[in-house]
Every structure is written in structure tokens, then in C-alpha cells.
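Dear colleague,

I am handing over the structure we spoke about, and my notes on it follow below. Please read them with the coordinates open beside you.

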Amino acid sequence: MKAARVHGFGQPPVIEALAEPEPRAGRTLVRMEAATVGHIDRTVWGGRFLQHPPFPYTPGVEAAGVVVAGDRHAVGQRVWVRGSGLGTLFDGTWCELIDAPDESIGLLPDAVPATLGSAFFSPCTSAWVALHEVARLRAGERVLVSGASGAVGSLAVQLALDAGAHVTALVSSAAKLQLPAAAELRVLGDDPCAALAGVAADLLVDTVGGAVLAAALPCVQAGGRAVLVGYTAGHALSLDLAHFLQRDVALLPLNMFRREAAGRAAAPELLARLADGRLHLAVESFGLGDAASALAWIAQRGHRGRAVLVPAR
Ligand SMILES: NC(=O)c1ccc[n+]([C@@H]2O[C@H](COP(=O)([O-])OP(=O)(O)OC[C@H]3O[C@@H](n4cnc5c(N)ncnc54)[C@H](OP(=O)(O)O)[C@@H]3O)[C@@H](O)[C@H]2O)c1
């Protein structure tokens, strides 16, 4: 079988022929139909994750496909695959035949294409858990979402509207946006504070960090909360403690590794919403041999949606 292999941190993946994995206890063999190229894969590939599989390795934390062997799931079952060490501790999903731990697998409804089934987990469950588990969103609240053009941000906008919130979406550019019209749009210019003039929120979902977080945090009203998801715009946040204590805004980190179980519990409902069109996530497909382009694409400002690799037919 063919697999995209990495021989050193940051080196372009190359296609190699490997022996097909044998069926074994606790594992399900999945014929890959789509494999996500996500930020976590870039982080592992760049040597910035806590752990990585021994070199050379096959990256890929998520995928979707069809079961070809295993004890727990019927042969022919459509499934999504995620985590449990795939692409972080041992070889992952960027290959034609995935040797997946049984616990990494979930069932994929027929109405959800493999490309979307591969890509949905991280952005959809992160947005869901941020809103409903971490922030305990209530109907009627005012929600400000930064990085709303991104995968997690756009899902947070959609899910918050669906939960009866009033949503303000903060983006760096209005180009190629696919956000619901019900969200109020604010576009970051040279002065993020000016872009946010007059915005008041009960809840901030920040996917960007840095200067954007610093500008958005004062929009949260006293007694409100802010869920911190990402830090592409900067790793640091400076707080005036006197103001911070007076304003009494709870800073709540999202850690989806620790909240994997909550994400898995929400997955069937999120897949149902993707299937019937209540939720939307754009997916861009690349050939399995073109993983280097996908890794570059997801790092570009202005890209929209998730990247997946698909095998040659
Ligand atoms: N904490 C967790 O458990 C968890 C879970 C999932 C994801 N994450 C993290 O959350 C972040 C967002 O994930 P994603 O999948 O939504 O990523 P994405 O689809 O690549 O979106 C990134 C968003 O950030 C914006 N952005 C990037 N740099 C910016 C800057 N300097 N100033 C303003 N906006 C900027 C982008 O806007 P434009 O490109 O339009 O400029 C885009 O809206 C990532 O860092 C990811 O690693 C964390």
C-alpha cells in the first residue's frame, strides 16, 4: 500500500510503498477514503508537539473510510477515525490502509461524504465543547467569536446562532466568507479596538489569541466569560490585574485532548447537522501524494475550511 512518509521534522512527505498491515486484536483496518491535514499534523511534523512517532513515520490524526477487517465493526461499515495515538505515537492516517485502534473509530452516516467525515471532528467538536461544555452557553446571550472565518470559528458562529445566541463574528477579511447572515460581521482593520467599537458580549470565543484577544477581551461584560482556543496571532496576553479583577471575566481554556470524550459524545449530533445542512464546513481535497501542498495551504492566511488527502483512484 502507498503511504505519505516523513523522514525528519519539516521535511516534505514522500510517497512510499509499505507492506499492508495485518489484522490484529484491538485494531480495525480501514480503507482510507479521505485523511485530514490539520494544524495538529503540522505541529507534530514541525517537531513542536509533545511526542511524535519514530522516524520515518506516516502522519495523520484523522480520516474517514470503510472497514475491511476487525472484530468490533462490520466489514463494509463507513467510519471516521480520530486520535488514540494515530499520527502522534505511531503511524497515522495518510496511507491507503489505516491500522486504527478500535477506540479511535466512530460511525459515519451515509449522508456525510468521506471528505467531510474525515474533517469534521476537530473543528465541530471544539466549537461545540467550547460553547456548551466550557462556557455553558444560554439562549439569548451575546457571543463574540474571533477568527470567525476559520474552521473552529465559523462552526462556533453557526452553533451559537443555533443555540439562540446573538452572534458577532470578528474576521480579518470579508473575502470568501460563508457565515450565516444572522451574524453581525466586524472586520479587523489596522486598529482592532476600533473594529470592535460598541460590541458588548456575555461570552467571547477566541480562536486567534495575541493582539486580537487583547482587543476583544474588553468587549466582555462584567461577570462574563472568555473561552481561549488558539494563539496564531500571538502566544502572550498581558493583563492589568486591577482592571481584570474589577471586571470579573472568567478566562476558560479549551483543551480538546482532555475533553476528547465530550467531543466524541457530541459527534453523532454534529454529523446529523452536517448531513441535513444545518451545519456547514468547507473541505479542500488534495491527492495523497500532494501532502506537502496541503500542509502549506492550511498555514496560509485566507484559506477557508479544512484540507484532506484522497487516495488516487
Ligand atoms: N484548544 C484546543 O483544544 C484547540 C482545538 C482546535 C483548534 N485549536 C486551535 O485553534 C486555532 C483555530 O483553528 P482553526 O481550525 O479554526 O484554524 P483555521 O481554519 O486555520 O483558522 C484560523 C483563523 O485564525 C485567523 N487568523 C490567523 N492568524 C491571524 C492573525 N494574525 N490575526 C487575525 N486573525 C488571524 C484566520 O483568519 P484569516 O486567515 O481569514 O486571516 C482564521 O480565521 C488553531 O490555532 C488551532 O490549532 C485549538
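The notes below take the ligand site and then one of the sheets.

Please keep in mind throughout that this is a predicted model.

The ligand is surrounded by 24 residues, and the closest of them are Ser149, Ser172, Leu254, Gly302 and Arg306. At least three residues of the shell come from each of domain 1 (2-120 + 281-310) and domain 2 (123-253).

In His303 a polar side-chain atom lies 3.3 Å from an oxygen atom of the ligand. Of the 930 Å² of accessible area that the ligand has on its own, the protein covers 83%, and the elements that give two or more residues to the shell are α3 (121-134) and α4 (151-162).

Turning to the sheet, six strands form an open arrangement with parallel pairing, in the order β10-β9-β8-β11-β12-β13. Because β10 (184-187) and β13 (250-253) stand at the edges, each with a single partner strand, one side of each is left without a neighbour in the sheet. Neighbouring strands here are turned by 20° against each other on average, direction ignored. Strand β9 (residues 166-171) runs parallel to β10 and is joined to β10 by four bridges, with Val171 standing opposite Val187 in β10.

Best regards

Technical notes. Residues numbered from 1 in each chain as written. Predicted model: local features only at pLDDT ≥ 70, side-chain atom pairs only at ≥ 80, totals over all residues. Heavy atoms only, no water. Near = heavy atom within 4 Å. Polar contact = N/O pair within 3.5 Å; in protein donor to acceptor, adjacent residues only side chain to side chain. Areas by Shrake-Rupley, 256 points an atom, 1.4 Å probe, with all protein chains shown as cover. Domains from an automatic or database assignment. Pairing = 2+ DSSP bridges. Axes fitted to C-alpha atoms, helices over the stretch in contact; angles between N-to-C directions.
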